[in-house]
Amino acid sequence: MGFEHYDIFVIGTGSAGRQVATRCAKAGMKVAIADNREYGGTCANRGCDPKKVLLNASEIIARTSHLAEVGVTDVATINWQALQKFKEKFVSAMPVKTEDSLEQAGITMYHQSPEFIEEGLLIVEGKKVTADKVVIATGLIPRPLHFKGAELFKTSDDFLELPELPKSIIFVGGGYIAMEFAHIAARCGVNVTVIDRGERVLKMFDEQITDQLQKASSDIGIKFIFEADVIGAEMLQKNTRVYYKQDGKEHELKAEMVFNTSGRVPSIDMLALDKGNVEATPQGIKVNKYLQSVSNPNVYACGDVADSGALPLTPLSSLEGKHVGIQLATGERKAYTFPAIPTAVYTTPQLAIVGLTEEQAKAKGIEYKVLEEHVPDWFSIKRLNSPDYCYKTIKGPNDEILGAEILAPEASEMINLFAMAIQQKMTCTQFRETIFAYPTFASDMQSMV
């Protein structure tokens with residue numbers, strides 16, 4: 001009895017995997033897809049989308065808090081249970097909707113993570129299957145912690161499902177997830193501490209701008225402990241005690257809940273990649289310019305799990321999946337090129353970046369000019385009675401916009417205009433000559449170039 005054979009076998013049902021599967025199925029290929037969790041991927045089920053629903057509410061608290069001094073009589077409060085119920089309206093429908101869409105496309109679905117037996121041969125749900133091409137789009141998972149008591153730490157998945165908020169939380173790690181969740185919790189009255197082994201939060205951003213965000217975070221009660229290594233944890237009657245080393249000395253801190261927000265790593269350990277002759281690095285599947293495995297040409301990787309040099313972002317995952325899907329469906333080999341990639345931290349204020357940083361421009365030997373300013377007196381921010389507004393723009397030798405960072409309440413929307421300008425190679429003069437509605441944060445951007 002022969003094994004079930006597929007033209008394409010996709011591992012992962014997030015935005016990248018779905019792009020590949022549906023494009024190949026539409027081209028008449030026999031396609032299968034597998035996932036060891038609910039269908040739809042991290043972003044829709046336990047990442048960007050549910051997180052943003054919770055953040056929306058904390059942003060309202062921030063806005064009304066700032067305006068309480070100037071006429072808004074009541075600062076907003078959150079009914080956490082009602083908010084979670086609202087969030088579930090977005091999340092609960094996604095797995096069924098995804099499976100229905102894949103079924104209508106004629107794609108065979110498996111609900112387990114496959115693993116390689118050898119090149120082109122996989123085992124999934126106890127069945128052996130063969131495939132001409134395998135596409136790995138399994139994304140990232142929380143970084144494992146290796147010390148006594150690590151099992152006591154919760155993850156971002158747990159935070160998004162909390163039935164009620166605790167009185168105190170410790171976040172270990174000072175990246176995107178920690179800062180966003182810390183702002184949600186702190187604005188809801190939780191006692192929040194962030195412990196990070198580095199010197200500051202959000203290291204990919206300019207230090208002066210992150211210093212401003214850190215000050216705004218401290219102002220709402222978030223405490224920071226830097227250059228500290230967590231070395232253990234133990235459960236007390238009600239709290240968890242966390243042990244950490246700082247300046248060679250051991251310290252301890254306790255909270256009702258502790259969260260591992262120390263970063264995310266490629267979700268590949270369950271795939272038995274060595275048996276499939278698929279090479280991986282700590283950053284993910286090692287791929288060439290076609291997003292093809294460098295060690296096995298019949299394997300592709302796209303999205304966050306691919307070591308492609310790109311940021312782990314949902315829009316980019318979709319583009320990579322589209323690129324791989326088109327290649328497999330048409331047989332056309334085409335090198336992948338990255339567009340301008342904006343990214344944002346959804347704290348309040350928001351922090352966003354696109355293009356080259358000053359350090360990157362310097363490393364590339366590019367002649368550049370920096371425009372940067374803290375602008376709390378500009379009308380857009382002054383009308384909100386908030387002090388947190390600054391920017392840093394990198395200009396090239398031919399008046400082109402090379403990069404930008406913004407700290408502002410609407411930074412995530414503003415940065416998209418800079419992304420478009422960079423992608424279309426607009427000069428600063430052309431950008432300034434564009435008409436934007438006034439008074440808006442977008443109209444402010446003409447003064448940033």
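Strand 21 (350-355), strand 24 (401-408) and helix 12 (411-423) each contribute at least two residues to the lining of the second largest pocket in this predicted model. Among the contributors, strand 21 gives the most, with three residues. By residue type, the lining divides into 13 nonpolar, six polar and three charged residues.

Attention now turns to the charged side chains. Side chains of opposite charge can pair when their charged atoms come close. Across the whole structure, a search finds 20 salt bridges. One of them joins Glu38 to Arg37, with the closest N and O atoms 3.8 Å apart. Both partners are partly exposed: Glu38 has a relative accessible area of 30%, and Arg37 one of 36%. This pair also belongs to a network of salt bridges that links Arg37, Glu38, Arg46 and Asp157.

Two further pairs are worth a visit. Lys203 and Asp196 meet through their side chains in a salt bridge, at 3.1 Å from N to O; here Asp196 is buried, with a relative accessible area of 6%. In the other pair, the side chains of Asp399 and Lys395 form a salt bridge at 3.9 Å, N to O. Lys395 counts as buried because its relative accessibility is 13%, under the 20% cut-off. Asp399, with a relative accessible area of 22%, is partly exposed.

Key. Residues are numbered from 1 along each chain as its sequence is written. This is a predicted model: local features need pLDDT of at least 70, side-chain atom pairs count only at pLDDT 80 or more; totals for chains, interfaces and linings use all residues. Side-chain values use heavy atoms; hydrogens and water are left out. Helices (H or I, at least four residues) and strands (E, at least two) are DSSP runs, numbered from the N terminus. Ala, Val, Leu, Ile, Met, Phe, Trp, Tyr, Cys and Pro count as nonpolar, Asp, Glu, Lys and Arg as charged, and the others, Gly among them, as polar. A salt bridge is a side-chain nitrogen of Lys or Arg within 4 Å of a carboxyl oxygen of Asp or Glu. Buried means under 20% relative accessible area, exposed over 50%, partly exposed in between (1.4 Å probe, protein chains only).
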